[in-house]
Amino acid sequence: MEWIFNDSGFGAENETSLVPQLVSLPLRDVIMKVNGTIILLLALAGIPNNILNILTFSKLDINFTIKISFVFLSSVDLCSSVNFAFLAMILLDMSRVVELPVDLQNAQRLAVPVMFSLSALGSWDTACISLERCCCVVFPTKVRNIFTRKITIALLAGMLLVQTTTLTINMASIQLIVNNTLMNERPKLLVSSSIVDTIFVSLILGVSTIPSLICFATITASTIFLAVSLKKRNKWLNTMHVLPDEVIDKNKKLVRTVVAMATIHIACSLPAVFLILTFLTCHHLNPLDKKNEHLSHVLATVVIIFQALSGMVNILIYFQTNAQFHQSLQNLLCLASANT
């Protein structure tokens, strides 16, 4: 998507430079330097955090459907962190903080679709987790028959297949070449397809963005419902004398974890939702319009910061709200320390 990061490089005059911009190039570069550094730090922190999440959840003695959902979410966040680190390097290169051996600004054609697809996967998984907890409140005796292993795996695998297919189609429409004709300039990665934007926008909007918005609405409604129902649900569980106290306690902690995780997801998704809705409803802010290009760069970096933050802080939520995760993570870290 050209409105994310598109520039001609160091000291070059391009079409954008001839069009009056809502945000000046020097101001854009300053903001991108700061935001690019923040994104890189968050991404680098998110990589080990999500590896620990995957290892810890894999060892937890919890319901299989919940375990696989949290492992899947942590895996998506891990991939997102790697992708954000790559995008951060493009940002820092564009704003002249670093100079990569090859000008990779057009590599956004690869990284940005991945970012949208991973965001859709994370939103889908979070929505499934929230809905599963809501079913525990509404249908406490039937929830295991609703969210079975097969259904959970099918839901996650289905969305993964959709996003993978979308990425494959998008990548197949892109031809990247390295232009090295000018000896006094570094090589530059170029896009040689004239229909990339049409395919890109239609695929990303229809298959990634719209499902993400639907999932966002679902997560918001589910979280409100869970937060309001938490006290009532706890009272109901206390009346179920057939359930051991430790089972009741586990359910309470799991609901708190889901509510906290979903709340962070909602808060960190708000900038992206606001930006998407603004672009869809305000035609004078068309992101493909050259005069809005620098502004789009700035807004995109803000969105990425919040998305990178969402994937990085989940481990803190799990650690603070779930004693079982807390203990398992401590055991894992102690084991790793003893082996070294």
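## Fold

The protein chain contains 9 helices and 2 strands, where helices (H or I, at least four residues) and strands (E, at least two) are DSSP runs numbered from the N terminus. Along the sequence the pattern reads α-α-α-α-α-β-β-α-α-α-α.

This is a predicted model, in which local features need pLDDT of at least 70, side-chain atom pairs count only at pLDDT 80 or more, and totals for chains, interfaces and linings use all residues. Residues are numbered from 1 along each chain as its sequence is written, and side-chain values use heavy atoms, with hydrogens and water left out.

## Packing and surface

Of the 340 residues in the protein chain, 49% are buried (under 20% relative accessible area; exposed is over 50%, partly exposed in between; 1.4 Å probe, protein chains only). Among contacts (heavy atoms within 4.5 Å) between residues at least 6 apart in sequence, 81% join residues at least 24 apart.

The chain exposes about 16400 Å², with carbon and sulfur atoms supplying 69% of that area (Shrake-Rupley method, 1.4 Å probe; for residues, only the protein chains shown count as cover).

## Annotated transmembrane regions

An unreviewed UniProt entry annotates residues 30-52, 64-90, 110-131, 152-178, 198-228, 258-279 and 299-319 as "transmembrane region"; such annotations may be inferred rather than shown by experiment.

Residues 258-279 are 100% helix, and their end C-alpha atoms lie 31 Å apart. Residues 299-319 are also 100% helix, with end C-alpha atoms 32 Å apart.

## Helix 4

Helix 4 covers residues 143-146 and includes I146. I146 is partly exposed, at a relative accessible area of 33%.
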